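Hi everyone, thanks for coming. I'd like to walk you through one structure today, so let's get it up on the screen.

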Amino acid sequence: MDKSILWKLSYGLYAVCLMDGQRPSGCIVNTFFQVTSGGVVAVSMNRDNYTHSLIEKHNRFGVCILSESTPARTIGALGFFSGRDKEKFAGLDYRMHEGIPLLNEGCCGYLILDVVGRYETDTHTVFFAQVEDAFAGVDIRSMTYEYYRSVIKGKSPKNAPTYGV
Ligand SMILES: Cc1cc2nc3c(=O)[nH]c(=O)nc-3n(C[C@H](O)[C@H](O)[C@H](O)COP(=O)(O)O)c2cc1C
């Protein structure tokens, strides 16, 4: 099997955002996609991610669609540390929307989602969710995973499905 073929898959880059009690938390994902024209989407979330436990707890989360102007420090803060150990939103510009923290800087759109189902793999849960609200951010190109790797020279940590790919 030639696993390098997986390099040909294309993705965007997103911040999954939600509250942990009184503090905002969440993480970066590339595995977020639309499933149906009726507004069902899905995200693949590693069960070791703290965000996984928060999604299970609330069954509701926000997704910020990152753009090419998203600062690298935002991806660094949310994608390489755990909310178990760190105030991940400290130093990030955000606002509250219907109980969900949303990043202000460099997002081209936002979704508010309710979990409607799940599928378990050996490491990740694929959460299916219904879009309850959607609105625009800055009018700029969304960030693709390819842009993140080739222009920003970003990497993927252990819990990302693209780790090692
Ligand atoms: C570019 C990038 C893509 C990522 N994609 C995913 C993903 O699709 N699914 C996932 O579970 N983790 C993904 N991650 C890893 C999580 O963002 C990371 O493990 C994070 O530290 C989890 O934080 P938490 O413990 O606060 O939830 C990605 C990270 C980066 C930087």
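Leaving aside its neighbours within four places in sequence, which residues is Ala-15 in contact with? Keep in mind that this is a predicted model. The answer is Gly-26, Ile-28, Cys-64, Leu-66, Leu-78 and Leu-103.

Ala-15 belongs to the largest nonpolar core, which has 35 residues. The members that touch the most others are Tyr-14, Ala-15, Val-16, Cys-17, Val-63, Cys-64 and Leu-66. And which strand gives this core its largest share? That's strand E8, residues 107–120, with six residues. As background, nonpolar side chains in soluble globular proteins tend to be buried together.

Now let's look at helix H1, which runs over 50–58. Thr-51, Leu-54 and Ile-55 are buried there. They span an arc of only 100 degrees around the axis, so they sit on the same side of H1. What lies over them? The cover includes strands E1, E2, E4, E5, E8 and E9.

Last stop, the ligand. There are 28 residues around the ligand, and the nearest are Asn-49, Thr-51, Gly-79, Ser-82 and Gly-83. Strand E2, strand E4, helix H1 and helix H2 each supply at least two residues of the shell, and E2 gives the most, with four. By class, that shell has 13 nonpolar, 14 polar and one charged residues.

Key. Residues numbered from 1 in each chain as written. Predicted model: local features only at pLDDT ≥ 70, side-chain atom pairs only at ≥ 80, totals over all residues. Near = placed C-beta within 6 Å. Nonpolar A, V, L, I, M, F, W, Y, C, P; charged D, E, K, R; others polar. Core = buried A, V, L, I, M, F, W, Y, C linked by C-beta atoms within 7 Å. Buried ≥ 20, exposed ≤ 12 C-beta atoms within 10 Å, placed from the backbone. Contact = placed C-beta atoms within 7 Å. Arc of directions from axis to C-beta.
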